[in-house]
Amino acid sequence: MVNPVLLIAVPLALAFAIPVLSLFSSRAAKLVPPIALSFNLVLSLLLLPKVLENPVIVSIGGWQPPFCINLVAGPVGVLFSAIISLAGLLVSVYAVDYIKEGATEKYHTLYLLLLTGATGVVLTGDIFNLFVFFEILCISSYALVAYKGDRAGIESAVKYLIQGAVGSSLLLIGIGLLYGQFGTLNMADIAQHIESVGRISVFVPMVLIITGLGVEAAIFPLNAWLPDAHSSAPSSISAILSGIAIEVGVYAVVRVLFTIFGASSILLFVACVGMLTLLIGELCAFSQNNIKRMLAYSSIGQIGLIVFALAMATSYAVTGGLFQVVSHTLAKALLFLAAGYMIYRTGSLDISALEGIGKTMPLTSLGFAVGAFSLIGLPPFVGFPSKFLIVRAALASGKSLFIVLIGLALLAAVIEGAYFLRVVQVLYFKAGKNNPERKEAPVVALIPIVIFMILIIAIGIYPKLITGVLNSAASELLNRMDYIKSVVG
Amino acid sequence: MSVLHNYAYYAGAFGLIFIGLYVILTKHNLIKVIIGLGILETGVNLFLICVGYTRNGTAPIFSRAGLDAELMVDPVPQALVLTAIVIGVAVLALALSLAIRLYHHYGTLNLREIREQKW
């Protein structure tokens, strides 16, 4: 029997072992994150077949669920923890060589803490525990954005920290209001009693919690920090922030909306906000000359699409939304990793500086092109089935509002195609200076890039690899009664 | 009077929360903004304590005979506040250390002059 607690406990313990280990050997300290995350990946994959039949509920401290802090390893939680550890593992391998300057052992400690926080958020069944893990995730990401210590990094970290701290305070007020009414912090127990009180006294904490979590999830009016933070962090951190941190934020929003509040009246509003986020993100990305800033705005757009798909709340749509989470994580992490070494070799963030780099850095450029095509949604890559599922779900829902909105989403996909193809054109079809310094990225960095490419193409060609898991994850999110029954009986 | 007793604490807590938000939104000096964050966090902590407060309550321990569970203070919000205080300390410490680095780079803490990152 594999215990899901280990998914949190092992990386947490190893994170604090890094500073001690680095006193003896800084080479060994570098290898701790890949080891911890491969352990998590193996454990998640072992748990996956088990939780597809029955969710595993772990009560900590030997008390029964409404009174204890519990972990709920359902299909959604384990799916997310598998994605987190997979992307985290590949990015940590990349970072072994990429992070050379500064206090590297602090980087690796914070990196592992960030992923511990993310894993905790997706596995916990207690709303205050969710807040605590969320803070672990947020505080380590504030520090990591400022890791390079340059002007842009510090400024964006301050911006991110102030907005994030206000968001967390709102979340905590919402949790306090819920506790005051229900006298419990267990998510299933709150969900069980949510209908017994008046609408307004549920609505206020819901708005506060959604707003607080929405800051980290970068939903439209709350995302002013994202383009700065994601573009001035080290590239390996941008990959994790774009690929994992904001997805975990979206997970928390959706878990709270669907499971705790069982909200149906607000979902139309959330779908419209998601579509607004998508359009604004893509339009801003289109006008960028800085490659990392462009990728950051494209993340905002993708988050909008994910929120829109999840808010449609049909089983097709939620499956499509979760599929889009997987495809965005893979593609965006790949894009940031590839862009990282391109920027490192050319020394410039401008897209025009990348002219002709397709000849001197062939594999890295191929990685960038694969990631870009996948995000646009071209057929052999993973972005195609996920976007296709969302479009199909919107058409099948039969509501004219969703059909109009999905039309706008397709328009946004055209804009996305325009700016990504522009970069790919610069990479391959513009003759650049033949500079001997622009050599291929080192092998340690190429391994994760190639693995990401293989995963994107493999799942793109054969989506059945993961659709089974996605289907049961979608039904866990939509059937709140089953969730409540499995936790409190 | 009892109404006043029950709600005075909430008024104080939300008063602090709104003062904190006002400071964060209107001040241009980073240190003042961080002080605003501190006030906001204090307000939230006070609010959590209010949720579990019982007037004339005792500590939730059956230390002697005849103690009524109805008159005990709820211990859960206090545990939450302890956690929230620790988190708040971490956030404020990080914010202040970032402020020091920001001052090294820009020579000012006025947020109106620090505007290299924009839309």
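Mentor: We may, bearing in mind that this is a predicted model, in which local features need pLDDT of at least 70, side-chain atom pairs count only at pLDDT 80 or more, and totals for chains, interfaces and linings use all residues. Residues are numbered from 1 along each chain as its sequence is written, and chains are lettered from A and ligands numbered from 1 in the order in which they are written.

Trainee: At what angle do helix α16 and helix α19 of chain A pack, and how far apart are their axes?

Mentor: Helices are DSSP runs of H or I of at least four residues, and strands are E runs of at least two, numbered from the N terminus. Axes are lines fitted to C-alpha atoms, for helices over the stretch in contact, with angles from 0 to 180 degrees between N-to-C directions. For α16 (residues 362-376) and α19 (residues 443-461) of chain A, the angle is about 35 degrees and the axes are 10 Å apart.

Trainee: Which residues of α19(A) make this contact?

Mentor: Two residues are in contact if their C-beta atoms, placed from the backbone, lie within 7 Å. From α16(A) come A:L363, A:T364, A:G367, A:V370 and A:S374. From α19(A) come A:L446, A:I449, A:F452, A:M453, A:I456 and A:G460.

Trainee: How many residues of strand β2 of chain A are buried?

Mentor: A residue is buried if 20 or more other C-beta atoms lie within 10 Å of its own, exposed if 12 or fewer, and partly exposed in between, with C-beta atoms placed from the backbone. Across chain A, buried residues make up 61% of the 489 residues. Strand β2(A) is mostly covered, and of its five residues the buried ones number four.

Trainee: What radius of gyration does chain A have?

Mentor: The radius is taken over C-alpha atoms, and the globule rule is 2.2 Å times the number of residues to the power 0.38. A compact globule of 489 residues would have a radius near 23 Å, and chain A agrees with this, at 21 Å.

Trainee: Which element gives the most to the side of chain B that touches chain A?

Mentor: Here 26 residues of chain B are in contact with 26 residues of chain A. On the chain B side, the elements giving two or more residues are α2 (30-51) and α3 (75-106). The most, 13 residues, comes from α3(B).
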